[in-house]
Every structure is written in C-alpha cells, then in structure tokens.
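Subject: A structure for you to look through

Hi there,

Here is the structure I promised to pass on to you. Have a look at it first, and then read my notes below.

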Amino acid sequence: MTHPPGTQPAARRTPLSAEERTRAEANFVPLVAEHLRSGGRFRVSADTPEMTEVFQGVARRVGDLLGRPVVSYANGRYIVITFGEEPETSGGATRGSRPPSLHGRVSEDPPRDAG
C-alpha cells in the first residue's frame, strides 16, 4: 500500500492473545479496586473495542471482589468504572441510589412550613 509523500502509515495494533488478556484483567483488578475504594471511580483510555472489553471484564471481577455492584461506561475514547446501585433492602428503600457526589448532601425529609 502506498502513502502520500511525507506521511507515515497508521500504526497497527496486534490483538491480545487469550493469555495476555487474562493476565491484563488479573493485573488491573487490584488497581481498579483500590481506586474505587479510595475515590469511587476509575477512568482510563480505552480507544479500541478490545480495550473496552478488557476493562469491562476488569469491572466485573472488581464487583465480585468487593461484593458490590460495579458498572462501566465507555464512549470510544475512555472507560469509567464506578459503583452501581445497591440492590433494594428489605424495607423497600434503595441503598446507594444517589450518585456518590450527592451522598450526605440531599435531605430525605420534605421542607417544613414555618407556620
């Protein structure tokens, strides 16, 4: 294939082997788990479908490790891994239904009239 003068061919990425993929997931799990414990989210560049799949696998494994729902959001450039909603408790209230940034900042009680 020819390229216009002064240009370089686009770099081609070699797909991960099954062993490399397994090792990548296993090695990223502790890092992602620590980021979720300390800050509630993890963001990384995932600009290929393959890397998105790797980090979705990491998110599933982190959820299993921490015993909490973990979700991932990808936009074709980045993937964000964060905690998902907790399952409903026996009282019918949902735990963790607000984004982490709102915990402790929103009152559950309606405002009371002064009169």
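What share of the residues of the protein count as buried? Of its 115 residues, 22% do. Please keep in mind as you read that this is a predicted model.

**The overall layout**

The protein has 2 helices and 3 strands. If you follow the sequence, they come in the pattern α-β-α-β-β. Among the contacts with a separation of 6 or more, 53% are between residues 24 or more positions apart.

Let's start with helix H1. Its 22 residues should span 32 Å at 1.5 Å a residue, and the 31 Å between its end C-alpha atoms agrees with that. H1 does bend, by about 30° at Val29, and Pro30 follows within four residues. The buried residues in H1 are Ala24, Glu25, Val29, Val32, Ala33 and Leu36. Their cover includes strands S1, S2 and S3 as well as helix H2. After H1 comes Gly40, which has a positive phi, near 90°.

Helix H2 has 18 residues, and from first C-alpha to last it reaches 26 Å, close to the 26 Å expected. Buried in H2 are Thr52, Val54, Phe55, Gly57, Val58, Ala59, Val62 and Gly63. H1, S1, S2 and S3 are among the elements that cover them. H2 is also followed by a glycine, Gly67, with a positive phi, near 70°.

**The nonpolar core**

In soluble globular proteins, nonpolar side chains tend to be buried together. Here, the largest nonpolar core has 14 residues. Those with the most contacts inside this core are Val32, Leu36, Phe55, Val58, Val62, Val70 and Ile81. Which elements give two or more residues to the core? They are helix H1 (18-39), helix H2 (49-66) and strand S3 (78-83).

Beyond its neighbours within four places in sequence, Leu36 is in contact with Arg41, Phe42, Val62, Leu66, Val70, Ile81, Thr82 and Phe83.

Setting aside residues up to four places away in sequence, Glu25 touches Glu53, Val54, Gly57, Val58 and Arg61.

**Rings and charges**

How many aromatic pairs does the structure hold? There are 2. In one of them, Phe28 and Phe55 form a tilted pair, 4.8 Å centre to centre and with 55° between the planes. Phe28 belongs to helix H1 and Phe55 to helix H2, so this pair ties together parts that are 27 residues apart in sequence. Phe28 is partly exposed at 27% relative accessibility, whereas Phe55 is buried with a relative accessible area of 1%. Ring pairs link Phe28, Phe42 and Phe55 into a cluster.

The charged end of Arg43 is over the ring of Tyr78, 3.8 Å from the ring centre. Likewise, the charged end of Arg68 sits over the ring of Phe83, 3.7 Å from its centre.

**Two more residues to look at**

Tyr78 lies in strand S3 and is partly exposed, with a relative accessible area of 26%. Not counting residues up to four places away in sequence, Tyr78 touches Arg43, Val44, Ser45, Ala46 and Tyr73. The C-alpha atoms of Tyr78 and Asp47 are separated by 6.4 Å, although these residues are 31 residues apart along the chain.

Where is Gly76 found? Look in the loop between S2 and S3. Gly76 counts as partly exposed, at 47% relative accessibility. Leaving out residues up to four places away in sequence, Gly76 touches Ala46 and Asp47. Gly76 and Met51 are 25 residues apart along the chain, and their C-alpha atoms are separated by 9.7 Å.

Enjoy exploring, and write back with any questions!

Best wishes

Definitions and conventions
Residues numbered from 1 in each chain as written. Predicted model: local features only at pLDDT ≥ 70, side-chain atom pairs only at ≥ 80, totals over all residues. Heavy atoms only, no water. Core = buried A, V, L, I, M, F, W, Y, C linked by side-chain atoms within 4.5 Å. Buried < 20%, exposed > 50% of the residue type's maximum accessible area, 1.4 Å probe, protein only. Contact = heavy atoms within 4.5 Å. Expected span 1.5 Å × (residues − 1). Bend = angle between axes of the 7 residues up to and from the residue. Phe/Tyr/Trp six-rings, centres within 6.5 Å; stacked < 30°, edge-to-face > 60°. Lys NZ or Arg CZ within 6 Å of the ring centre and 35° of its normal.
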